[in-house]
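Subject: Structure handover

Hi there,

Here is the structure I promised to pass on. Have a look at it first, and my notes follow below.

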Amino acid sequence: MRFANKVAIVTGSAQGIGREVALGLSREGASVVVADVAMPAAEACAEAILAAGGRAFAYRVDVSDAVQVDGMVAAAVGRFERIDILVNNAGIGHAKPVLETTLEEWNRVLAINLTGQFLCAQAVARVMLRQGGGRIVNVASISGERGGTGRAAYGAAKAGVILLTKVMAVELADKGIAVNAISPGPTETEQVRQFHDTATRAGYYRLLPMKRYAAPREIAEAALFLASEEASFVCGHVLNVDGGFGAAGLITE
């Protein structure tokens, strides 16, 4: 198994992509910290892992709070003694025109979607330095690569994640810590169903060569690859898992 004897923290793993990442890591041998603010769902994910014979526990964390992030990392080390993998997945959706986005909304999206990834990566990297290495996978988005309607705060945060990934990769690579990111396209998650109305879906379908949304597990598999030794020489890379969105130009029917 790819992750035998490895310990992983997956943030935002109560549902959607994060849950599939947590389950996938466990299926392949990892002990998993299921970290989220939504505790009943996080506990259900951890219980599913335990029922299948894996090792896991749920931990409530608001990733925008440095004290809570430090507590999560301490709990992981206290239970499993090390941290080999961080999948930085926690995030919230936001779709609103730039002229209508309030400062409060802007700050909240950046605090969770960007600052949260910084805090988690920084805290876990300090543990990994003491161990001699590890792998960090940040979850960005195609919204951080191209301008999209209503994506002012969300897109800015995810663009920040992409550059944060590259800077961390450059600074930590020679210390045995590989930092990469995945950049999902539209995916059938609870959050997407909340924010993607009929017009949004139609807009994506026009630009997606594969003409469909991803299943969460399809995105999770890319994260598992970057977390594994199969990606041992991949560093500072942003892997688009987007159904061809980033490659598309003119599409005729």
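Let me begin with a helix on the sheet: α5 (residues 152–172) lies across β5 (134–139), β6 (177–184) and β7, and runs at about 160 degrees to β6. Helices here are DSSP runs of H or I with at least four residues, strands are runs of E with at least two, and both are numbered from the N terminus. Axes are lines fitted to C-alpha atoms, for helices over the stretch in contact, with angles from 0 to 180 degrees between N-to-C directions.

Before going on, please note that this is a predicted model, in which local features need pLDDT of at least 70 and side-chain atom pairs count only at pLDDT 80 or more, while totals for chains, interfaces and linings use all residues. Residues are numbered from 1 along each chain as its sequence is written, and side-chain values use heavy atoms, leaving out hydrogens and water.

The sheet itself is open, with 7 strands in the order β3-β2-β1-β4-β5-β6-β7 and parallel pairing (two strands pair if DSSP finds at least two bridges between them). From one strand to the next, the twist averages 15 degrees. Strand β1 (residues 7–11) runs parallel to β4 (residues 85–88), and 3 bridges join the two; Ile-9 has Leu-86 in β4 as its bridge partner.

Finally, a loop residue: Arg-82 sits between α3 (66–80) and β4. Arg-82 is partly exposed, with a relative accessible area of 32% (buried is under 20%, exposed over 50%, partly exposed in between, using a 1.4 Å probe and protein chains only). Leaving aside residues up to four places away in sequence, Arg-82 touches Val-7, Ala-76, Val-77 and Gln-131. Lys-6 is 76 residues from Arg-82 in sequence, and their C-alpha atoms are 8.3 Å apart.

Best wishes

Definitions and conventions:
Contact = heavy atoms within 4.5 Å.
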